[in-house]
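Hello,

Here is the structure we talked about handing over. Please open it first, then read the notes below.

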Number of protein chains: 2
Amino acid sequence: MTPDAPKLIEELADRIHSKILSGDYPPGTRLKQELLAQEFDVSRTPIREALSRLEAKGIVSQAQRRSAVVKSPSSRDISEMYQVRAELEGLAAQLSARWITDPQLEELRSAHDAFAEAVRSLRAARTSDVHAATANPSVSASFEEASRQWLEMNARFHRTICESSNNRFLVRTLQDVTSGYARSVMLSSATGMNSYRIETTIAQHERILRALEEREPGKARRAMIEHILGASEFVIASFANLEPQS
Amino acid sequence: MTPDAPKLIEELADRIHSKILSGDYPPGTRLKQELLAQEFDVSRTPIREALSRLEAKGIVSQAQRRSAVVKSPSSRDISEMYQVRAELEGLAAQLSARWITDPQLEELRSAHDAFAEAVRSLRAARTSDVHAATANPSVSASFEEASRQWLEMNARFHRTICESSNNRFLVRTLQDVTSGYARSVMLSSATGMNSYRIETTIAQHERILRALEEREPGKARRAMIEHILGASEFVIASFANLEPQS
DNA sequence: CAGCGCAGTATCGTATCCAAGAATGAAGCG
DNA sequence: CGCTTCATTCTTGGATACGATACTGCGCTG
């Protein structure tokens with residue numbers, strides 16, 4: 001997006017954003033510049049610009065001479081965001097089918113297969129010893145590990161496809177879209193992902209990947225859109241469970 | 001000193017942006033904060049934040065400790081941007097077919113018809129007296145006027161459809177996309193629009209409008225995408241003529 | 001007892017100041 | 001005569017100072 005930007009401000013924005021996502025600053029919190037400045041041990045100036053960026057991203061809202069407050073996304077917000085995201089990622093997949101290089105494709109395939117295999121074996125372990133799945137720390141730990149790895153893998157999958165679209169503006173826009181409060185929900189709902197959901201997602205990724213390998217833009221697009229909208233439903237459902245009052 | 005405006009920064013960003021678009025600061029210009037501060041009679045602080053916002057929008061690029069420089073979009077940039085825009089506006093049209101209210105639709109229709117009529121009569125005047133078109137100041141003035149009006153009308157057309165998509169996030173994203181250096185090209189190429197191009201556009205608008213009236217999302221979407229991509233080709237062509245070296 | 005107004009305080013926005021890093025130009029060297 | 005290197009200067013980024021404004025709590029009055 002802005003690779004040559006002054007680093008400090010971006011970093012501060014990211015750190016504040018992370019704190020918002022992790023729940024350190026829950027929605028409605030008044031983010032006072034002075035306190036943030038003390039917390040991060042910098043002066044108010046870069047904090048102020050960081051808040052300005054967060055406001056531009058729609059994560060906080062700044063009134064005239066009032067503290068910035070953390071916005072809480074409604075499920076409608078999430079839904080709207082995913083609708084846009086589905087469209088853009090669909091376009092990315094469509095273009096990618098045209099432009100992705102064979103090495104990229106192979107990398108994607110091997111990473112995907114490896115992960116799918118890992119999930120399969122993990123699932124086999126769980127079903128073969130159901131009690132161990134909850135009791136045995138090593139198995140539950142490996143499930144934790146798989147969850148973390150899953151996030152990483154999923155992000156790389158989408159990023160690779162996006163970047164192979166050969167449209168830098170699309171990459172930028174999609175990053176903007178995804179870096180908003182989207183991530184908070186993605187992260188929080190990822191922990192709640194059950195094995196069925198993971199397998200569904202893997203199957204969808206498989207479809208997308210195959211379409212890319214077959215170099216079929218329309219197919220890739222449809223598969224991707226379906227995938228994102230499916231994720232959208234899941235995320236919105238778990239979001240509604242998480243915050244039924246707002 | 002001037003605490004009257006809560007968005008002095010936004011205003012400065014807009015004014016600088018305008019100056020860039022109008023050619024006062026051609027691509028490659030080094031925008032020195034001190035000079036800008038003198039020019040707009042404010043201190044460097046708000047200028048800095050305004051530049052920061054312009055950078056976030058991709059209009060200028062700022063390196064560490066270096067002056068911000070005005071970016072010059074390549075025709076590839078334009079093309080990429082229009083590809084994304086086509087997608088998003090297509091989605092907007094699709095959603096709009098579902099959500100647009102009858103009053104909005106009627107307003108759109110009357111504005112469109114009135115303008116189409118104006119263009120038709122103007123064209124009749126021009127073809128009936130070809131020499132007058134270039135010589136007679138009143139006719140050429142009215143053509144100028146029509147051009148200006150055209151921009152206004154076109155913007156309203158797209159904005160109305162976008163806003164009737166019932167997806168606020170889409171509206172925001174599309175605004176971000178469109179407010180970048182997109183506008184510079186749109187504006188500059190609008191003056192070069194010949195009557196054939198205008199009529200083509202009007203016909204495309206007509207198709208979109210009819211699809212909305214028929215409440216056919218798919219049709220509206222396709223018509224809109226075709227329209228934007230058509231505009232894209234025209235804009236890129238006139239851009240290539242305008243700046244053959246970059 | 002409640003509503004209004006005023007003063008105090010807290011917080012933001014803008015201006016100014018200082019240090020750090022890059023561009024520029026001159027001087028020395030090959 | 002050109003290239004490299006160093007010092008000066010210019011510009012930016014961050015810190016701080018100051019003025020303005022919105023919130024808060026208390027007292028006064030109806």
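I start with the surface near DNA strand C. Its residues divide into 6 nonpolar, 7 polar and 8 charged. The classes work like this: Ala, Val, Leu, Ile, Met, Phe, Trp, Tyr, Cys and Pro are nonpolar, Asp, Glu, Lys and Arg are charged, and the others, Gly among them, are polar.

Before the rest, the ground rules. This is a predicted model, where local features need pLDDT of at least 70, side-chain atom pairs count only at pLDDT 80 or more, and totals for chains, interfaces and linings use all residues. Residues are numbered from 1 along each chain as its sequence is written, while chains are lettered from A and ligands numbered from 1 in the order in which they are written.

Two or more residues each come from α2 of chain A and from α1 (8-21) and α3 (44-56) of chain B. The largest share is 3 residues, from α3(B). Helices (H or I, at least four residues) and strands (E, at least two) are DSSP runs, numbered from the N terminus.

DNA strand D is surrounded by 20 residues. The closest are A:Leu8, A:Ser43, A:Thr45, B:Lys32 and B:Gln33. The elements giving two or more residues there are α1 (7-21) and α3 (44-56) of chain A, with α2 (33-40) of chain B. α3(A) has the largest share, 3 residues. By class, the surface near DNA strand D splits into 6 nonpolar, 6 polar and 8 charged.

**Chain A**

Chain A has 11 helices and 3 strands. Along the sequence the pattern is α-β-α-α-β-β-α-α-α-α-α-α-α-α. Of its 246 residues, 30% count as buried. Buried takes 20 or more other C-beta atoms within 10 Å of the residue's own, exposed takes 12 or fewer, and partly exposed is in between, with C-beta atoms placed from the backbone. Contacts are pairs with C-beta atoms, placed from the backbone, within 7 Å. Among contacts in chain A between residues at least 6 apart in sequence, 74% join residues at least 24 apart.

**Helix α1(A)**

α1(A) has 15 residues. From first C-alpha to last, α1(A) reaches 21 Å, close to the 21 Å expected at 1.5 Å a residue. That expected span is 1.5 Å times one less than the number of residues. The buried residues of α1(A) are A:Ile9, A:Leu12, A:Ala13, A:Ile16, A:His17 and A:Ile20. These lie on the same side of α1(A), because they cover an arc of only 135 degrees around the axis. The arc is that of the directions from the helix axis to the C-beta atoms. Their cover includes α2 (33-40), α3 and β3 (68-70) of chain A. A:Gly23 follows α1(A), with a positive phi near 95 degrees.

**Chain A against chain B**

The contact takes 23 residues from chain A and 24 residues from chain B. On the chain A side, α3, α4 (75-99) and α8 (168-178) give two or more residues. α4(A) gives the most, with 8 residues. That side has 10 nonpolar, 6 polar and 7 charged residues.

**The core**

The largest nonpolar core has 63 residues. Such a core is a set of buried Ala, Val, Leu, Ile, Met, Phe, Trp, Tyr and Cys residues joined through C-beta atoms within 7 Å. A:Ala92, A:Leu170 and B:Ala92 touch the most other members. Leaving out residues up to four places away in sequence, B:Ala92 touches B:Ile161, B:Cys162, B:Ser165, B:Leu170 and B:Leu174.

**Single residues to look at**

- A:Asp41 sits in the loop between α2 and α3 of chain A. Its phi is positive, near 60 degrees, in a residue other than glycine. A:Asp41 counts as exposed, with 6 C-beta neighbours inside 10 Å.
- A:Arg215 lies in the loop between α10 (195-213) and α11 (217-242) of chain A. Phi of A:Arg215 is also a positive value, near 60 degrees. A:Arg215 is partly exposed, with 14 other C-beta atoms within 10 Å.
- B:Asp102 lies in helix α5 (residues 102-128) of chain B. B:Asp102 is exposed, with 8 other C-beta atoms within 10 Å. B:Asp102 and B:Glu213 are 111 residues apart in sequence and 8.6 Å apart in space, C-alpha to C-alpha.

Best wishes

Note on methods. A residue is near a molecule or strand if its C-beta atom, placed from the backbone, lies within 6 Å of it. Two residues are in contact if their C-beta atoms, placed from the backbone, lie within 7 Å.
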